[in-house]
Amino acid sequence: MKEICGLLREELEGYDWVGFYLVENGELVLGPYVGEPTDHTNIDFGEGICGQAADREETFLVDDVDQENNYLSCSSKVKSEIVVPIFKDGKVIGEIDIDSHKKSNFDEEDKDLLDEIAALVKKIL
Ligand code: SME
């Protein structure tokens, strides 16, 4: 999973922090990632962009994180973010989270790619 993170970060523009969160005991726990270390190793459902995506069971695509009230900042350099849930048997078991230093870095094409990756990764979780 860390290799997937590394590949995405290397190959795709503006993928500055790429990581997985995994659901453990009802919360999101930081899994493999590449990029700067983050303080947000444990996130409750509903908390921040990651927690909201898990709670609502849907992708969150945020063009400008500075406009968000319910947001957990890892670094002031981060400007946009996408969080894609990983589903197994109809339940959220984790997420792919990408941060970018560029505003509006993500669109539907990124969502489609990350949905495909999520569908593959669920097989090894
Ligand atoms: N920004 C996220 C927290 C995780 S970091 O991006 C790695 C959030 O608001 O949930």
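## The shell around the ligand

By class, seven nonpolar, one polar and three charged residues make up the shell around the ligand; here Ala, Val, Leu, Ile, Met, Phe, Trp, Tyr, Cys and Pro count as nonpolar, Asp, Glu, Lys and Arg as charged, and the others, Gly among them, as polar. This is a predicted model, in which local features need pLDDT of at least 70 and side-chain atom pairs count only at pLDDT 80 or more, while totals for chains, interfaces and linings use all residues. Residues are numbered from 1 along each chain as its sequence is written, and side-chain values use heavy atoms, with hydrogens and water left out.

The residues surrounding the ligand (a heavy atom within 4 Å) are W17, Y21, G48, I49, C50, Y71, L72, C74, E81, D97 and D99. Among the elements, α2 contributes the most to this shell, with three residues.

## Polar contacts

Let's look at the polar contacts (pairs of N or O atoms within 3.5 Å). A backbone N or O atom of L72 is 2.7 Å from a ligand nitrogen, and a polar backbone atom of I49 lies 2.9 Å from a ligand oxygen. From the side chain of D97, an N or O atom is 3.3 Å from an oxygen atom of the ligand.

## An aromatic pair

Three aromatic pairs turn up in a search of the whole structure; rings of Phe, Tyr and Trp (its six-membered ring) pair if their centres lie within 6.5 Å, with planes under 30 degrees apart counted as stacked, over 60 as edge-to-face and the rest as tilted. The rings of Y15 and F106 have centres 5.5 Å apart and planes at 70°, so this pair is edge-to-face.

How values were computed: A polar contact is a pair of N or O atoms within 3.5 Å; within protein, one must be able to donate a hydrogen and the other to accept it, and residues adjacent in sequence count only if both atoms are side-chain atoms. Helices (H or I, at least four residues) and strands (E, at least two) are DSSP runs, numbered from the N terminus.
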